[in-house]
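Visitor: I'd like to learn how to read a model like this one, feature by feature. Could you walk me through it?

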Amino acid sequence: MLAFIFKRLGQSIIVMLAVALISFIMFRYVGDPVASMVSQEATIADQELLRERLGLNDPFYVQFFRFIMNALQGNFGISYRLQTPVADLIMSRLPATIELALTSATIALIVGIVAGVFTALNRKSPIAAGIMAFSLIGVSLPTFLIGIGLIYIFAVELQWLPSFGRGQVVDLGWWRTGFLTETGLRSLILPAITLSLFQMTLIMRLVRAEMLEVLRQDYIKFARARGLSKRAINFSHALKNTMVPVITIAGLQLGSIITGALITETVFQWPGIGSLFLSSVAVVDVPVMAAYLIFVGFVFVIVNLIVDILYYVVDPRLRVGGSSKGH
Amino acid sequence: MTDITPSAPKGRFAKIIDSDIFFSYRTSPVAIVSSIVAAILVLAAIFAPWIAPYDPFSPRTLNLMNGFTPPMSESMLGAFFIFGSDHQGRDVFSAILYGSRVSLLVGVSAVMFAMILGVSLGLIAGFRGGLTDTVIMRIADIQLSFPSILIALLIFGIARGILPPAQQENMAIFVLIFAIGLSDWAQFARTVRGSTMVERQKDYVSAARIIGVKPIFILIRHILPNVLGPVLVIGTIGLALAIIAEATLSFLGVGVPPTRPSLGTLIRIGQQFLFSGEWWILFFPAITLVLLALSVNLLGDWLRDALNPRLR
């Protein structure tokens, strides 16, 4: 298993280098870094001086190497628009996004799995049919419309929940959390549901299909013949075996979580890094765009690594056979 | 796909009526309903200038006194609005007609672009194999794992940085088509590569090769027609996705310029009036977008099942 992890780590580093190269090219060649840093009165000579001092006249690979070294130390340059270090901007916005993403992933997993098992076990009940019809909406409606719809129902008409922002936050060192205040939790509900809905319906449909498949197999019949309780069969025999595809899909869907977060943050004016990226696209704030790209690449690599390791944890067959190579 | 019985010579129309595809269409209520809805929406968009009761973008016909008229009612000036009017006195119904025009134009062009790019790269990868194949498919893998909206946003940002400001307004729609198309080609390439690799082994390709047909002609004249079935399916579902992608980008404010609003732009505008109770400015464009995307999507689903011989 260690050898496998090392091999995956090697691949991850190559992917990260490719992402870094793209964002470096963007950073260096989209717009003129000097023009956006100097004041209006700067002479050509001043600009040349700054160009030399920033090392923009060095050869390409020297600049790229310096870019990577800086990125490794958490230095992504200075935002053109806000004139503050990009790393500080991202760090101040990151907790909001992580809290939103984790909450919605938890909702999606729990509700998705429970609803999936329920609809698989009670195929003919009208409630299950209702859940399935509802899930079609979750798959086909665009995220921003779901968000707007929820705002209209729960914030405008019923006025139960706030429609924008994070509510009151509490400082825990550099981490500002919304989990500890009532307004913070209330503000979290609508965005978290919006973001989770797509994943939830996907996981639910997958668990249902897998459960139906597994329940037909011989070892389930055998378990029934042995007189095991329904609960033991359904949960410890059947559900366990549906987890491998669920992990795969949940891992593959990371991309849609990232864009979903971006859209959700915009709809609910959630102060996370997605809305930071979006506002930087609008004004071509290249350092922020480049840093966001690297960040997204990094999250991708880490999550893929975790998913690969999870296979080993969930599926014992992979642990025994040295010849099997994962998925 | 459909084999024609050699017995009685039939007219072209009778052939279509007899075909498997048409049978599967006739027996699928979902396909009939969704194709009718899609057809109505597309026709309404194409004939917008003749159907629309007002020209929503001409400043001459706009009157602020007509603003915020609820649906199915007359404004203070006596103008009638089926779907109501927005803050500038623009007829929401006409704006939707013109808006779905922009949405469909961007969606169809983006899918065409993605299709041409993806199918050619897929054909080349599947036919040549080896290093070409590896390089193209690796790029497709990376592309597929990256969210397409994010790629489109990046391309959009880069285009903004490179293009001169005066050009940006005019070029926005092309940048949008390019960005959505470029983030969508990998699906086509993957499918076409798979079927090309199968077709390449078949006798008719060897025969063509032996009589000295050039590889490019083998690809276009012989292999291409045999791999187009799945492409049609991906193209239809891709159209639904492209329409939603365009709406999302326009909603996020990086799509088409506000002077030529698409459905997404109209939703973005309507969202501002959600709290003040003018729900119709948002509701009707949103419902049109959902109907359009959903009907095209269901049509694609049906087409996939109908073209799949194993499910017949």
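Visitor: Let's begin with the fold. How many helices and strands are there in chain A?

Guide: Keep in mind that this is a predicted model. Chain A has 13 helices and 2 strands, and the secondary structure of chain B likewise comes to 13 helices and 2 strands. Along the principal axes, the C-alpha atoms of chain A fill a box of roughly 85 × 60 × 35 Å.

Visitor: What share of the contacts in chain A joins residues 24 or more positions apart?

Guide: Counting contacts with a separation of 6 or more, that share is 69% in chain A. For chain B, 69% of the contacts between residues at least 6 apart join residues at least 24 apart.

Visitor: Next, confidence. What is the mean pLDDT of chain A, and where is confidence lowest and highest?

Guide: Chain A has a mean pLDDT of 81, with 94% of its residues at 70 or more. Within chain A, helix 13 (residues 316-320) has the lowest confidence, at a mean of 67, and helix 4 the highest, at 88. Residues 322-327 of chain A stay under 50, and for them the model has 5 contacts beyond four places in sequence. Chain B has a mean pLDDT of 81, and 87% of its residues reach 70 or more. As for the complex, the predictor gives an ipTM of 0.78 and a pTM of 0.81.

Visitor: Which residues touch the most other members of the largest nonpolar core?

Guide: In soluble globular proteins, nonpolar side chains tend to be buried together. Here the largest nonpolar core has 141 residues, and Phe144(A), Phe277(A), Leu153(B) and Ile267(B) touch the most other members. Helix 11 (residues 215-252) of chain B gives the most to this core, with 15 residues.

Visitor: What does Phe144(A) touch?

Guide: Leaving out residues up to four places away in sequence, Phe144(A) touches Ile263(A) and Val267(A) in chain A, along with Ala247(B), Thr248(B), Phe251(B), Ile267(B) and Leu289(B) in chain B.

Visitor: Let me try single residues. Is Ala223(A) buried or exposed?

Guide: Ala223(A) is buried, because its relative accessible area is 0% and the cut-off for buried is under 20%. Ala223(A) lies in helix 8 (residues 218-225) of chain A. Beyond residues up to four places away in sequence, Ala223(A) touches Leu228(A), Ile233(A) and His237(A). For a sense of distance, Ala223(A) and Leu161(A) are 62 residues apart in sequence and 47 Å apart in space, C-alpha to C-alpha.

Visitor: And Thr97(A): buried or exposed?

Guide: Thr97(A), found in helix 4 of chain A, counts as buried because its relative accessibility is 12%, and under 20% is the cut-off. Setting aside neighbours within four places in sequence, Thr97(A) is in contact with Glu265(A), Trp270(A), Gly272(A), Ile273(A) and Gly274(A).

Visitor: Which residues line the second largest cavity?

Guide: Those are Glu99(A), Arg166(A), Gly178(A), Phe179(A), Gly184(A), Leu188(A) and Trp270(A), around a volume of about 30 Å³. They divide into 3 nonpolar, 2 polar and 2 charged.

Visitor: Last one: what is the volume of the second largest pocket, and which residues lie nearest its centre?

Guide: The second largest pocket has a volume of about 940 Å³. Of its 33 lining residues, Ala101(A), Ala105(A), Leu254(A), Ile257(A) and Val303(A) lie nearest the centre. Elements of chain A that give two or more residues to this lining include helix 4 (86-121), helix 7 (182-215) and helix 12 (286-314). The lining has 27 nonpolar, 5 polar and 1 charged residues.

Conventions: Residues are numbered from 1 along each chain as its sequence is written. Chains are lettered from A and ligands numbered from 1 in the order in which they are written. This is a predicted model: local features need pLDDT of at least 70, side-chain atom pairs count only at pLDDT 80 or more; totals for chains, interfaces and linings use all residues. Side-chain values use heavy atoms; hydrogens and water are left out. A nonpolar core is a set of buried Ala, Val, Leu, Ile, Met, Phe, Trp, Tyr and Cys residues joined through side-chain atoms within 4.5 Å. Buried means under 20% relative accessible area, exposed over 50%, partly exposed in between (1.4 Å probe, protein chains only). Helices (H or I, at least four residues) and strands (E, at least two) are DSSP runs, numbered from the N terminus. Contact means heavy atoms within 4.5 Å. On a 1 Å grid over the protein atoms alone, a cavity is a set of points where a 1.4 Å probe fits but cannot get out, and a pocket is an open set with protein on both sides within 12 Å along at least five of seven lines; lining residues have an atom within 4 Å of a point. Grid points are joined across faces, edges and corners, and a volume is the space filled by probe spheres set on the points. Ala, Val, Leu, Ile, Met, Phe, Trp, Tyr, Cys and Pro count as nonpolar, Asp, Glu, Lys and Arg as charged, and the others, Gly among them, as polar. pLDDT is the predictor's confidence in each residue, from 0 to 100.
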